[in-house]
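Please look over the structure shown below, and then read the short report that follows it.

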Amino acid sequence: MTSKSATENHLKTGGESLDFQNKIEVTNKVSEACYETFQAMKLRRKHRYIIFKLGEEEIEVESTGERKSTYESFKAALPFTDCRFCVYDQDYTTPDGRPTSKLWFVSWFPNNSTTYHKMAYTSAKTKFRESIPGVFDTQVASLEELDTNLGLNKDEEEEDKDFDF
């Protein structure tokens with residue numbers, strides 16, 4: 001009888017090796033760096049996006065995007081096989097022509113992530129959301145869904161205008 005290691009190749013991940021660890025115990029701790037990085041983004045507009053992950057002992061900052069980063073670089077930074085929490089600063093123009101921005105809290109739960117990781121991130125979300133107030137909340141499972149939820153999918157907007165009565 002052979003024993004399986006903590007690392008296992010999985011068909012859904014395209015052979016990418018996943019480490020299974022007890023991430024649910026992490027959920028009660030948010031690192032001070034998470035709060036400081038978020039404040040630098042919200043108040044000083046230092047970053048375009050921040051990606052957070054569940055670490056071994058606490059929720060921590062995985063990566064940040066410089067202010068000049070694009071939406072495409074944000075999407076490229078999201079892992080294909082694991083969940084993450086993200087904050088994205090979306091610049092847009094209002095219907096009356098004023099430039100403004102909106103902060104989005106994105107719960108990234110891709111379809112090919114393990115159920116265990118989805119459960120760990122879901123249980124950590126409430127505690128983590130309390131530490132970053134003043135953002136709009138969305139949960140997505142694919143890049144297309146992210147485009148739609150942030151209002152960046154132009155095709156759907158054009159389709160919606162066809163049905164105005």
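Leaving aside neighbours within four places in sequence, which residues is Ser-107 in contact with? The model is predicted, so that local features need pLDDT of at least 70 and side-chain atom pairs count only at pLDDT 80 or more, while totals for chains, interfaces and linings use all residues. Residues are numbered from 1 along each chain as its sequence is written, and side-chain values use heavy atoms, with hydrogens and water left out.

## Ser-107 and its surroundings

With contact taken as heavy atoms within 4.5 Å, Ser-107 meets Arg-84, Phe-85, Lys-125, Asp-137, Thr-138, Gln-139 and Val-140, once its neighbours within four places in sequence are set aside. Ser-107 belongs to strand β6, and it is buried, with a relative accessible area of 0%. Here buried means under 20% relative accessible area, exposed means over 50%, and partly exposed lies in between (1.4 Å probe, protein chains only).

## Overall make-up

The secondary structure comes to 5 helices and 7 strands, where helices (H or I, at least four residues) and strands (E, at least two) are DSSP runs numbered from the N terminus. Along the sequence, these elements follow the pattern β-β-α-β-β-α-β-β-α-β-α-α.

Of the 165 residues of the protein, 39% count as buried. The protein exposes about 10000 Å², of which carbon and sulfur atoms supply 49%; accessible areas come from the Shrake-Rupley method with a 1.4 Å probe, and for residues only the protein chains shown count as cover. Among contacts with a separation of 6 or more, 60% are accounted for by residues 24 or more positions apart.

In soluble globular proteins, nonpolar side chains tend to be buried together. A nonpolar core is defined as a set of buried Ala, Val, Leu, Ile, Met, Phe, Trp, Tyr and Cys residues joined through side-chain atoms within 4.5 Å. The largest one has 19 residues, and those with the most contacts inside it are Phe-52, Ile-59, Phe-85, Val-87, Phe-105 and Phe-128. Two or more residues each are given to this core by α1 (32-44), β3 (47-54), β5 (84-93), β6 (99-108) and α3, and the largest share, 4 residues, comes from α3. A second, separate core of 13 residues includes Tyr-71, Leu-78, Trp-104 and Leu-150.

The expected span of a helix is 1.5 Å times one less than its number of residues. The buried residues of α1 are Cys-34, Thr-37, Phe-38, Gln-39, Ala-40 and Met-41, and what covers them includes β3, β4 (59-66), β5, β6 and α3.

Helix α3 (residues 115-130), with 16 residues, should span 22 Å, and its end C-alpha atoms are 24 Å apart, which agrees. Its buried residues include His-117, Tyr-121, Lys-125 and Phe-128.

## Pro-133 and the cysteines

Pro-133 is found in the loop between α3 and β7 (136-140), and at 44% relative accessibility it counts as partly exposed. Not counting residues up to four places away in sequence, Pro-133 touches Phe-38 and Lys-42.

Cys-83 is buried, with a relative accessible area of 0%, and Cys-86 is likewise buried, with a relative accessible area of 0%. The structure holds 0 disulfides, a disulfide being a pair of cysteine sulfur atoms within 2.5 Å.
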